Amino acid sequence: MPSFTVGASIPPDTAHAVSVSLPTWGSNVGYEEGDPAVVNSMTTGYPRFFVHRGIEALAQDIVARHGSTGQRAFLFPTHSAASRCQDFVKSLVTEDLASKTRAIDFVLDSTKHASPMLKALAPRISAVILPDAAYSAGKQYWQHTGDGVSSRQAEFCHVLFTENLLVPVSDVQQQPAELSQPRPLRGPKRYQRKDSLDGIPPPVSKPPSPPAESLLESQESSRFLEERFGRNLDLSLVEPAKSAIRRRIAGSLAHDADHDNDASSVTPTHSRGVGNLKEGDVFLFPAGMNAIYNTHRALLKAREPLKSINLGFPYVDTLKILEKFGPGCQFYGRASDEDLDDLEKRLRGGERFLALFCEFPGNPLLICPDLERIRKLADEFDFALVVDETIGTFANINVLQVADVVVSSLTKIFSGDCNVMGGGLILNPEGRYYRALQAALHEIYEDAYWPEDVVFMERNSRDFMTRMERINVNSEAICDILLETPIAKSVYYPKHNPSRCNYDKYRLPNGGYGGLVSVVFQRKEQAHAFFDALDIAKGPSLGTNFTLASPYVLLAHYQELDWAAEYGVDPDLVRISVGLEETDELRRIFEKALAAATAVSST
């Protein structure tokens with residue numbers, strides 16, 4: 001078992017780790033309160049909450065070259081994302097601060113004879129430069145939407161920027177319209193352009209030759225980048241990797257390696273409950289929250305803008321997206337029958353909604369809403385149903401048959417290795433809004449998933465189904481241990497929750513109950529002692545191949561603990577994401593931690 005110090009990356013020594021070690025209850029409090037001893041020791045953090053050091057380094061260099069004192073920058077993979085951030089910031093800050101907020105697009109300067117690999121990759125990045133006083137507004141957008149640049153992309157682009165190969169678009173011969181249009185949708189091969197990775201054609205006119213010394217310098221830089229990039233990625237792998245990921249998500253596990261000219265067709269080997277599901281119905285995003293954000297954007301574009309519904313205690317940013325981007329949100333925090341009764345009363349009274357968003361199961365109480373009843377209400381009163389299956393996963397449950405859209409954070413169990421971000425969105429081709437959503441997504445969708453991240457995700461997810469089987473077994477074993485201890489006040493797991501009947505309606509024949517367990521102890525001191533004594537990795541995120549614990553409510557809702565408690569979410573809840581370790585070893589670790597917590601109760 002590796003030893004994790006405060007602020008170390010999880011996994012250890014991983015440049016693009018998704019989690020960070022906060023090994024004691026006190027270190028989690030210190031992080032939330034900005035304790036320098038904790039914050040200054042952090043080498044990384046969860047990517048949407050903590051701006052990766054590599055991203056921040058590039059942002060600082062961009063400000064140093066193109067900004068001024070007292071300014072900072074947020075980086076995005078596309079012009080459109082940067083523009084949305086700029087608009088969001090301007091809506092929150094004073095007119096003076098808004099006037100000092102601007103976006104700069106950086107593209108490859110092919111006039112410097114960049115290598116064929118670089119031209120094919122067509123790297124670009126967009127920076128929103130803003131005053132320090134507007135930074136918190138920009139950080140909100142970054143966190144909520146998942147639109148920010150990935151750390152791998154920033155690292156790669158930083159070298160280009162340093163060598164003056166990535167320059168403001170105004171400095172190169174580029175058509176302005178290219179920056180305002182989304183990247184073409186990456187569909188089946190017969191619809192794909194062959195001139196570059198992202199469909200952006202090379203310049204038509206031949207650029208002038210630079211001086212000899214400049215040419216030599218750029219050639220050396222290009223060679224370095226190509227060698228460095230080539231160690232991780234062959235560009236020819238990227239499109240097949242995207243196809244393989246989409247097929248896995250669609251349920252076509254037996255056809256991962258099939259990338260023929262009819263790649264749009266999918267024949268599922270386990271049921272998603274939808275016979276005509278196609279690979280083109282699956283959309284990939286750089287983060288799970290970005291999939292949710294773009295689902296919301298597509299719904300607002302496809303239908304009349306109305307309030308949405310958030311049913312069940314949500315992952316924090318889902319609710320924020322619905323509240324801040326659009327007409328607003330009706331929040332039901334318990335996903336109970338009483339909540340649905342109130343919703344039905346509103347609907348029958350004439351209120352109308354855009355969509356209902358829910359998790360299945362929810363995080364962190366693992367409650368499963370009554371999807372069957374929701375579907376009936378959605379059909380009768382004309383709203384879309386969006387289900388986040390991140391925790392249940394399609395290895396265990398089949399919710400597409402009842403949803404209009406299914407979203408998932410691929411960062412979690414699908415990847416498992418905790419070293420790459422990703423998100424997925426599936427349209428139900430039999431849903432009533434399918435055509436409208438498909439048209440909206442084709443208009444707004446940008447392929448912003450950085451190629452290196454794609455290849456890592458594809459490799460990580462190859463054994464997803466078999467990993468999930470073992471995680472299911474280990475989770476039930478841990479749950480049984482927690483249920484047996486008298487110091488546990490509540491244990492939350494879909495198998496043992498009152499809402500199990502709702503889960504079982506959509507559980508696959510060989511499916512389990514997932515890899516997430518939450519526990520609340522009789523006293524907060526017991527929770528703290530249990531957490532501190534757990535000899536496992538401890539930090540944010542879930543779905544890792546190793547067992548990972550977190551005082552989830554403390555981390556996600558530190559500024560609103562009383563609000564969370566109103567919905568039955570205890571501030572001292574411990575959330576456990578169960579991994580692939582030997583079951584007996586996990587039992588020993590948890591029994592030892594429970595003994596430490598029990599000792600507290602006897603003093």
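In what order do the seven strands of the open sheet run? The order is β7-β13-β12-β11-β10-β8-β9, and the pairing is mixed. Strands are DSSP runs of E of at least two residues, helices runs of H or I of at least four, both numbered from the N terminus; two strands pair if DSSP finds at least two bridges between them. The model is predicted: local features need pLDDT of at least 70 and side-chain atom pairs count only at pLDDT 80 or more, while totals for chains, interfaces and linings use all residues. Residues are numbered from 1 along each chain as its sequence is written, and side-chain values use heavy atoms, without hydrogens and water.

At the edges, β7 (282–285) and β9 (329–332) each pair on one side only. From one strand to the next the twist averages 20° (axes are lines fitted to C-alpha atoms, for helices over the stretch in contact; angles run from 0 to 180 degrees between N-to-C directions). Strands β10 (residues 355–359) and β11 (residues 384–388) pair in the parallel sense over five bridges, and Leu 356 has Leu 385 in β11 as its bridge partner.

Helix α11 (residues 238–250) touches β7 and β13 (423–427), and its direction makes about 120° with that of β7. Helix α16 (residues 434–444) touches β7, β12 (405–409) and β13, at about 140° to the direction of β13.

Methods: Contact = heavy atoms within 4.5 Å.
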